[in-house]
Amino acid sequence: MDYGYRMLRHVVAQVFRNLGQAARLTLVPTFLPMALLLLLFLQSGVTYNAFPDTPGTAPLNGSEMNPGIVFLLVMAGIVTSLVTYCWAAVGWHRFVLLEEYGRGIVPQWHGANVMSYLGRAFLIGLLTVVLGFGGLLVVGLILTALPYQAVAFVVLTGFTLGLTWVVTRIGLILPAAALGEAMTLGESWNATRPVASDLLVPLFFIALAMTVASELIGLAFRNSALGLVPMAFLYWIQILLNLSLMTTLYGTQIQGRPLN
């Protein structure tokens with residue numbers, strides 16, 4: 001497991017040593033679409049209760065915006081956010097692996113790589129849904145037979161960690177897409193086999209740190225709107241750590257780079 005701890009240190013150092021460049025490469029693409037969509041809703045007067053609970057009931061806030069238009073706006077916002085997230089991810093992978101710097105406050109645009117990244121991420125998402133559904137069925141059977149809180153905590157934690165482990169092992173197709181390289185899920189799985197057990201160390205401690213930090217923020221701000229700022233920062237750091245773990249695995253297992 002020593003290699004796992006070294007991997008964890010490398011990932012954390014990679015993020016915090018390059019935090020300024022990380023901000024230039026990922027902050028605007030990650031958050032700007034969500035911020036614009038939120039601003040649009042606030043200015044249009046649409047709130048969570050703009051839609052009636054029952055058919056034929058008027059909206060509670062008097063908003064005249066057509067629900068169909070709202071739905072289309074939301075879908076457009078989601079698609080745009082996914083594309084810009086992939087743009088940021090490609091930029092980060094290429095910065096670490098190719099030393100490619102951004103242009104101003106955004107990464108360089110590589111349209112074919114971004115679309116390839118999006119397609120492969122969608123493939124991983126579908127596989128995750130299938131595996132997650134099957135895993136939850138097993139978890140449900142276990143908890144039905146052993147309905148204890150401690151058992152539920154251990155089983156659900158193990159299920160989440162295991163699913164994340166599988167996704168990470170097949171996830172090298174993502175940095176490969178960022179570099180314009182071909183790679184299958186099976187090739188990614190086989191490439192990560194030598195570090196399969198070590199990989200549990202960074203996955204566990206990153207998840208633990210993010211969970212603890214999230215709980216501390218919740219306690220400190222007690223559901224105040226001000227808590228959205230540190231929560232957004234924490235979300236951003238988690239994204240960077242996850243991307244850096246994938247990048248580190250690609251660099252060491254595919255490109256043969258030493259782990260510093």
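Does Phe204 count as buried, partly exposed or exposed, and at what relative accessibility? What I looked up: at 36% relative accessibility, Phe204 counts as partly exposed. My cut-offs are under 20% relative accessible area for buried, over 50% for exposed and partly exposed in between (1.4 Å probe, protein chains only).

Ground rules first. I am working on a predicted model, where local features need pLDDT of at least 70 and side-chain atom pairs count only at pLDDT 80 or more, while totals for chains, interfaces and linings use all residues. I number residues from 1 along each chain as its sequence is written, and side-chain values use heavy atoms, with hydrogens and water left out.

Next, the rings. I pair rings of Phe, Tyr and Trp (its six-membered ring) if their centres lie within 6.5 Å; planes under 30 degrees apart are stacked, over 60 edge-to-face, the rest tilted. That rule gives me eight aromatic pairs. One of them is edge-to-face because the rings of Trp87 and Trp109 have centres 5.5 Å apart and planes at 80°. I find Trp87 buried at 18% and Trp109 partly exposed at 47%.

Back to Phe204: its ring and that of Phe205 have centres 5.2 Å apart and planes at 85°, so I log the pair as edge-to-face. Phe205 is partly exposed too, at 33%. Ring pairs join Tyr5, Phe204 and Phe205 in a cluster.

Last, Gln14. I have it as buried, at 7%. Its side chain makes a polar contact with the side chain of Ser244 at 3.2 Å (N or O atoms within 3.5 Å; within protein, one able to donate a hydrogen and the other to accept it, and residues adjacent in sequence count only if both atoms are side-chain atoms).
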